[in-house]
Amino acid sequence: MKELETRIVDIDVDKIRKLLKDIGAKKVKEEYQTNNIYDFDDNRLLNAKGYARIRITDDRLNNKEVVYMTTKKMLSQDTFKVMEENETIVEDKEAASKIFTSLGLSLKQSIKKYRESYKIMDSLIEIDINDKSFCPFPYLEIETSSEEKLKKILDLIGYTIEDTTSKTIYELLEERGLAQGKGKGL
């Protein structure tokens with residue numbers, strides 16, 4: 001599956017929540033995540049702006065834990081990050097970890113974050129608040145199928161295409177002198 005993704009950084013979380021409610025966006029996720037990022041010893045996945053991940057979610061809307069096993073690979077990076085994503089829900093997070101390590105991958109980083117997701121116009125608007133030790137600023141991630149939809153959504157929430165970035169979190173952190181040297185794909 002391909003996903004078109006862009007970000008708006010340094011958002012006012014309360015203002016965004018109110019705007020999303022006012023425009024009728026439906027809350028579809030509220031979760032705490034632990035994102036375990038895996039790569040080979042030479043970091044070839046992260047260096048190519050991709051990764052293997054096990055995401056453990058504490059789903060607050062449905063009161064359950066869900067574990068996802070994912071690989072992502074960047075296909076292009078213009079207005080959007082275009083990513084190839086392969087993801088499945090797994091029953092056993094320990095077995096998922098062992099699958100990655102048996103393929104020669106090792107755990108590179110474990111990132112904790114809070115995420116709220118809203119659906120509007122067949123698109124996803126996500127408020128991400130990472131553990132401050134990893135990323136000290138909140139941001140929106142918008143996943144949609146076209147630039148036209150993106151522009152409509154941005155107009156609804158008071159932003160323009162110029163306010164967005166296709167940069168990865170690692171690129172944004174590096175720009176601000178906050179990079180931890182772990183990778184480039186997120």
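**View 1. Glutamate 116 within strand β6.** In this predicted model, E116 is found in strand β6. With a relative accessible area of 2%, E116 is buried, since burial is assigned under 20% relative accessible area. Once its neighbours within four places in sequence are left aside, E116 is in contact with R17, K27, K29, E30, I125, E126 and I127.

View 2. R115 is found in strand β6 and, with a relative accessible area of 4%, is buried. Not counting residues up to four places away in sequence, R115 touches K29, E30, E31, Q33, R55, E126, I127, D128 and E141.

**View 3. The largest nonpolar core and its contributors.** In soluble globular proteins, nonpolar side chains tend to be buried together. The largest nonpolar core of this model has 19 residues, and those with the most contacts inside it are I11, L20, I125, I127, L140 and I142. At least two residues of this core are supplied by each of β1 (2–9), α1 (13–22), β6 (106–120), β7 (123–130), β8 (139–144) and α4 (147–156). Another core lies apart from this one and holds 12 residues, among them L46, Y51, C135 and L173.

**View 4. Isoleucine 142 and its contacts.** I142 is one of the residues with the most contacts inside the largest nonpolar core. Leaving aside neighbours within four places in sequence, the residues in contact with I142 are L4, E5, T6, I8, L124, I125, L150, L154 and I157. Of these partners, I125 is likewise listed among the residues with the most contacts inside that core.

**View 5. Leucine 46 in helix α2.** L46 has its place in helix α2, which covers residues 44–47. At 1% relative accessibility, L46 counts as buried, and this leucine is one of the members of the 12-residue core that lies apart from the largest one. For orientation along the chain, L46 and N62 are 16 residues apart in sequence, whereas their C-alpha atoms are 32 Å apart in space.

**View 6. Aspartate 10 in the loop between β1 and α1.** D10 is found in the loop that runs between β1 and α1. The phi angle of D10 is near 60°, a positive value in a residue other than glycine. With a relative accessible area of 46%, D10 is partly exposed.

**View 7. Methionine 121 in the loop between β6 and β7.** M121 is found in the loop between β6 and β7, and its phi is near 50°, again a positive value in a residue other than glycine. M121 is partly exposed, with a relative accessible area of 29%.

**View 8. The whole protein chain, as context for the close-ups.** The secondary structure of the protein chain comes to 5 helices and 8 strands, and from the N terminus on its elements run β-α-β-α-β-β-β-α-β-β-β-α-α. The radius of gyration is 16 Å, close to the 16 Å that the globule rule gives for 186 residues, so the protein chain is as compact as a globular protein of that length. Along its principal axes, the C-alpha trace spans about 45 × 35 × 30 Å. Buried residues make up 47% of the 186 residues, and among contacts between residues at least 6 apart in sequence, 63% join residues at least 24 apart. The accessible surface of the protein chain comes to about 9600 Å², of which 48% belongs to carbon and sulfur atoms. As for charge, the mean positions of the 33 positive and 36 negative charges are 1 Å apart.

Key: Residues are numbered from 1 along each chain as its sequence is written. This is a predicted model: local features need pLDDT of at least 70, side-chain atom pairs count only at pLDDT 80 or more; totals for chains, interfaces and linings use all residues. Side-chain values use heavy atoms; hydrogens and water are left out. Helices (H or I, at least four residues) and strands (E, at least two) are DSSP runs, numbered from the N terminus. The radius of gyration is taken over C-alpha atoms; the globule rule is 2.2 Å times the number of residues to the power 0.38. Buried means under 20% relative accessible area, exposed over 50%, partly exposed in between (1.4 Å probe, protein chains only). Contact means heavy atoms within 4.5 Å. Accessible areas come from the Shrake-Rupley method with a 1.4 Å probe; for residues, only the protein chains shown count as cover. Lys and Arg count as positive and Asp and Glu as negative; His and the chain ends are not counted. The place of a charge is taken as NZ of Lys, CZ of Arg, CG of Asp or CD of Glu. A nonpolar core is a set of buried Ala, Val, Leu, Ile, Met, Phe, Trp, Tyr and Cys residues joined through side-chain atoms within 4.5 Å.
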